[in-house]
Amino acid sequence: MEALTSRQKKALETREKLLKTSLDLFNKHGYEHVSVEQITKACNVSKGTFYTHFPSKYDVILEKFKELDNFYSTVEKNIDATLPASEKILLVFQEQMNYLTKIVGKDLLRTVYTAAMTNQVEQDHYLINPQRKIFQIMNTYIAEGIQQGEFRQDLSATTIQTLIQRCMRANVYDWLIHSEDFDLTSEMSQFTAIVLKGLKNDKLKSSTSSIL
């Protein structure tokens with residue numbers, strides 16, 4: 001790998017400064033109350049410099065939050081391939097909630113959700129973008145569960161995916177509006193387990209009940 005030139009290093013430093021300053025301002029004043037002009041003034045750069053690095057202030061949010069995708073890839077590699085699909089989904093969610101709680105934090109999550117609600121181009125919302133790694137992983141597990149007869153056959157993979165996505169967003173939203181005694185990982189596990197039980201094949205649920 002070739003060493004970066006001084007110009008490239010300077011560009012990276014500027015990008016990082018814009019990223020950090022933007023997030024600090026979003027956390028302090030609220031995403032919708034911060035303009036690109038405020039960000040550039042705080043960084044002592046031009047608006048042109050900002051748009052060289054980020055097409056919009058929403059893209060600042062995406063840049064930071066996309067770090068999650070690398071995390072999801074790591075989680076996926078560490079999950080036992082022999083587990084039932086529903087258990088794999090639960091494990092991914094548990095790891096995701098731990099990461100959001102301990103690494104991302106409430107401040108950034110609030111900013112992300114606010115940005116998603118105020119952004120006008122729906123297909124660009126990071127939270128619902130089907131190309132996100134988390135949704136690709138879920139699609140794989142759902143298809144696996146349907147193929148192996150674990151999940152109901154009367155529901156499409158798309159419907160199951162939608163329900164599972166809502167589990168994630170609903171619990172994160174609840175965490176954001178509750179006090180610190182709300183255990184996101186525990187609440188997510190319980191909520192998602194109940195939903196997954198309802199998505200399971202009736203025959204599988206009956207056999208499970210008879211064993212219990």
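**View 1. Phe-71 and Tyr-72, a tilted pair of rings.** In this predicted model, both Phe-71 and Tyr-72 are buried, where buried means under 20% relative accessible area, exposed over 50% and partly exposed in between (1.4 Å probe, protein chains only). Their rings form an aromatic pair, 6.0 Å centre to centre with 55° between the planes. Rings of Phe, Tyr and Trp (its six-membered ring) pair if their centres lie within 6.5 Å; planes under 30 degrees apart count as stacked, over 60 as edge-to-face and the rest as tilted. Residues are numbered from 1 along each chain as its sequence is written. A few ground rules: local features need pLDDT of at least 70, side-chain atom pairs count only at pLDDT 80 or more, totals for chains, interfaces and linings use all residues, and side-chain values use heavy atoms, with hydrogens and water left out.

**View 2. Tyr-31 with Phe-26 and Lys-57.** The protein has 5 aromatic pairs by the ring rule. Phe-26 and Tyr-31 are both buried. Tyr-31 also has the charged end of Lys-57 sitting over its ring, 4.4 Å from the centre. For that label, NZ of Lys or CZ of Arg has to be within 6 Å of the ring centre and within 35 degrees of the ring normal.

**View 3. A ring cluster, and another charge over a ring.** Phe-50, Tyr-51 and Phe-54 are linked into a cluster by ring pairs.

**View 4. Helix H4 against helix H6.** Here H4 (residues 57–65) and H6 (residues 85–118) have axes that come within 11 Å and cross at roughly 155°. Axes are lines fitted to C-alpha atoms, for helices over the stretch in contact, and angles run from 0 to 180 degrees between N-to-C directions. H4 and H6 are therefore roughly antiparallel (under 35 degrees is roughly parallel, over 145 roughly antiparallel, 65 to 115 roughly perpendicular and the rest oblique). Tyr-58, Ile-61, Lys-64 and Phe-65 are the H4 residues that meet H6, whose partners include Leu-100, Val-104 and Ala-116.

**View 5. What covers H4.** The buried residues of H4 include Lys-57, Val-60 and Leu-62. Among the elements covering H4's buried residues are H1 (6–29), H5 (67–78) and H6. Helices (H or I, at least four residues) and strands (E, at least two) are DSSP runs, numbered from the N terminus.

Key
Contact = heavy atoms within 4.5 Å.
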